[in-house]
Amino acid sequence: MDIDIDVYDDVCEELGIAFCGPLELTGEGRKKFAEVLDYEVEIYSENAVVKVDAPEDKTWKRKLRKAKEFFEAAAGYCACSDYDKWFKAS
């Protein structure tokens with residue numbers, strides 16, 4: 001999506017990052033972040049909430065860690081070689 005939006009997690013708001021789209025993943029990026037791409041996201045007018053918690057799921061810390069890794073990498077907070085491997089240039 002062509003959207004600039006603030007993203008938070010739904011548990012402790014430890015994840016708080018601005019997402020600037022559009023963003024396209026490479027095949028390797030889709031493989032690396034496959035789990036995160038399946039997380040439920042609620043999009044509002046000015047922010048989005050990544051659903052990392054569920055009553056039947058006690059793995060929210062791991063899910064939050066993976067979501068943070070994805071959004072930080074998408075924002076460029078990773079090695080240049082990793083960014084080039086995971087994301088397509090626009």
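1. Helix H3 covers residues 60-74 of this predicted model. After H3 comes Gly76, which has a positive phi, near 95 degrees.

2. Which residues of H3 are buried? They are Lys63, Leu64, Ala67, Phe70, Phe71, Ala73 and Ala74. The spacing of such a list may be read with a general rule in mind: an α-helix has 3.6 residues a turn, so residues three or four places apart point the same way.

3. Trp86 belongs to helix H4. Is this residue buried or exposed? Its relative accessible area is 8%, which is under the 20% limit, and Trp86 therefore counts as buried. Leaving aside neighbours within four places in sequence, Trp86 is in contact with Glu24, Leu25, Thr26, Glu28, Gly29, Lys32, Phe33, Ala73 and Cys78. One of these, Ala73, is also among the buried residues of H3. Trp86 and Arg30 stand 56 residues apart in sequence, yet their C-alpha atoms are 7.4 Å apart in space.

4. How many salt bridges does a search of the whole structure find? The search finds 5. As a general principle, side chains of opposite charge can pair when their charged atoms come close. One of the salt bridges joins the side chains of Lys32 and Glu69, at 3.0 Å from N to O. This pair links distant parts of the chain, since Lys32 is in helix H1 (residues 27-32) and Glu69 is in helix H3, 37 residues apart. Lys32 is partly exposed, at 39% relative accessible area, and Glu69 is partly exposed as well, at 34%.

5. A further salt bridge is formed by the side chains of Glu35 and Arg62, at 2.6 Å from N to O. Glu35 lies in helix H2 and Arg62 in helix H3, so this pair ties together parts that are 27 residues apart in sequence. Glu35 is partly exposed, with 31% relative accessibility; Arg62 is likewise partly exposed, at 31%.

6. Lys85 and Asp82 also form a salt bridge, with their closest N and O atoms 3.1 Å apart. Both residues lie in helix H4, 3 residues apart, which is about one turn of the helix. Lys85 counts as partly exposed at 34% relative accessibility, and Asp82 counts as partly exposed at 21%.

Definitions and conventions: Residues numbered from 1 in each chain as written. Predicted model: local features only at pLDDT ≥ 70, side-chain atom pairs only at ≥ 80, totals over all residues. Heavy atoms only, no water. Helix = DSSP H or I, 4+ residues; strand = E, 2+ residues; numbered from the N terminus. Expected span 1.5 Å × (residues − 1). Buried < 20%, exposed > 50% of the residue type's maximum accessible area, 1.4 Å probe, protein only. Contact = heavy atoms within 4.5 Å. Salt bridge = Lys/Arg side-chain N within 4 Å of Asp/Glu carboxyl O.
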